[in-house]
Amino acid sequence: MKTVRIGIVLPEDARRELRVRSLADMLRVNGERSDKTTWTLHAEGETIDDGDRRVAKLSIEPVTTPEQPQLVVENVRAGRGFHWEQAINITLPGTIEVTVRDDALMLVNELPLETYLAGVLTSEMSGECPLEFLKAQCVTARSWMIAATERKHADLGIDFCNDDCCQRFQGIASVTDAARRAADETAGEVMVHDSGVVVDANYSKSCGGIVEAPVHVWGHDKPGQYAVADGPADDGVARFFPLAADAVVDYVGGSWLKRCRAWCSPNVVPDADLPRYLGRIDDGGGHFRWRVSYTADELCAILNRKRRLSASRIRDLAVTRRGVSGRATAMTVDYVADDGGRRTETIEDQYAIRDALSASFLYSSAFDIRVARDAEGWPTRIELIGAGWGHGAGLCQIGALGMALSGFDYRAILHHYFTNMQIERIGGTS
Ligand SMILES: [Zn+2]
Ligand SMILES: [Zn+2]
């Protein structure tokens, strides 16, 4: 795999018009040299109208090297469906291909694999991160790509999309020398499990103190991934691992947190420093611990919308199953329906729970539920006190950053988050 095809604008974005700007003096458009500087592309039936012609496929290729910035695509969706969704302009190298699919424009970027990885590094986090963090993130992202067990978009003829659904790729405008160096110095390196397979290496923003086991996220084990306390052996977080149901309250909100030295905790990576390390579409804090508060009516409305319930009143909420990091994997909502009957809604899977309990999307499903009630016992206010950001399995990005800031090199970081594996250089990717 020397080049990759990344879906930048997908059919689901339902775009009928796209604006593209050239950064090069000369490009090749459907094989012919062109010095055009901007394109406004429209979907017209099965074809694309670029102002000059109608074609079934528009291909814009560089005349010189594929690693250099060539084009800017305006208003690309980033963070589809998450609380951080926004439209951004992105700068792309390589070749751009535009087609019409399902009545919408689809835009694919084909580019060299290592150029793509440098772009992933500075989209997932910022290029300001220390080199050893960037190298650890790079080997993790490369392993995930090469293992490629999740081909979510094979029907679209692309390897990956540009978003959190696969891994973030927001172009190469923010690529720094450190990101380029991290990709170069680890070129071709992946984690290989003792069984011989490349580790299908996942990562998320913050585990919250305990790295989750893959079985509690995807329903099955993954070779090379495991659950672990994300801190030094003598840190207080180790005593919570694996997290028992009766320890959740203390884990998410106890006074021990003031002294906690978990790699992803604000005592190691201060919240004030995070904005310069995080990706450009992430909101400020690290969300090692967070709180979300609703009136009972607000949460009832959210649940009605997200779960298509017809609830008039919530009676109670309870987590019925958790993973080893405290992430809820099953919960129940008892409510009174519009017809007056009592019902129970069961929500399974951490992703579905994060979706159900937020107007947009909850940071994680590792939370304790606190319910304030009126004199008759009806909930008035519901508060979620939570830990971590993301599914929490595999590499903890803020934790890996904390380890790098504490002096660990990328190999030590990877051996902390993954197990029974070696870091090996494989052919054909450098
Ligand atoms: Zn995807
Ligand atoms: Zn962590």
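Are cysteine 207 and cysteine 264 buried or exposed? Cysteine 207 is buried, and cysteine 264 is buried as well, where buried means under 20% relative accessible area, exposed over 50%, and partly exposed in between, with a 1.4 Å probe and protein chains only. This is a predicted model, in which local features need pLDDT of at least 70 and side-chain atom pairs count only at pLDDT 80 or more, while totals for chains, interfaces and linings use all residues. Residues are numbered from 1 along each chain as its sequence is written, ligands are numbered from 1 in the order in which they are written, and side-chain values use heavy atoms, with hydrogens and water left out.

**Zinc ion (ligand 2)**

- The protein donors here are Cys207 (SG), Asp230 (OD), Cys264 (SG) and Cys396 (SG), at 2.1 to 2.4 Å from the ion; donors are N, O and S atoms within 2.8 Å of the metal (3.2 Å for Na, K and Ca), and sites may look incomplete because water is not among the atoms.
- Cysteine 207 sits in the loop between strand 15 (203-204) and strand 16 (210-211), and cysteine 264 in the loop between helix 5 (248-253) and helix 6 (274-277), so the pair ties together parts that are 57 residues apart in sequence.
- Helices (H or I, at least four residues) and strands (E, at least two) are DSSP runs, numbered from the N terminus.
- The site is tetrahedral, with angles of 104 to 118° among its 4 donor atoms; four donors count as tetrahedral if all angles lie between 85 and 135 degrees.
- Along the chain, the donors of this ion follow the spacing C-x22-D-x33-C-x131-C.

**Zinc ion (ligand 1)**

- His153 (NE2), Cys161 (SG), Cys165 (SG) and Cys166 (SG) coordinate the zinc ion (ligand 1) at 2.1 to 2.4 Å, and their spacing along the chain is H-x7-C-x3-C-C.
- The 4 donor atoms subtend angles of 104 to 123°, which makes the arrangement tetrahedral.
- Cysteine 161 counts as buried at 1% relative accessibility, whereas cysteine 165 is partly exposed, with a relative accessible area of 31%.

**Overall fold**

- The protein contains 10 helices and 25 strands.
- Its radius of gyration, taken over C-alpha atoms, is 23 Å, close to the 22 Å that the globule rule gives for 430 residues, so the protein is as compact as a globular protein of that length; the rule is 2.2 Å times the number of residues to the power 0.38.
- Of the 430 residues in the protein, 57% are buried.

Terms used
Tetrahedral: all angles 85-135°; square planar, octahedral: opposite > 155°, others 65-115°.
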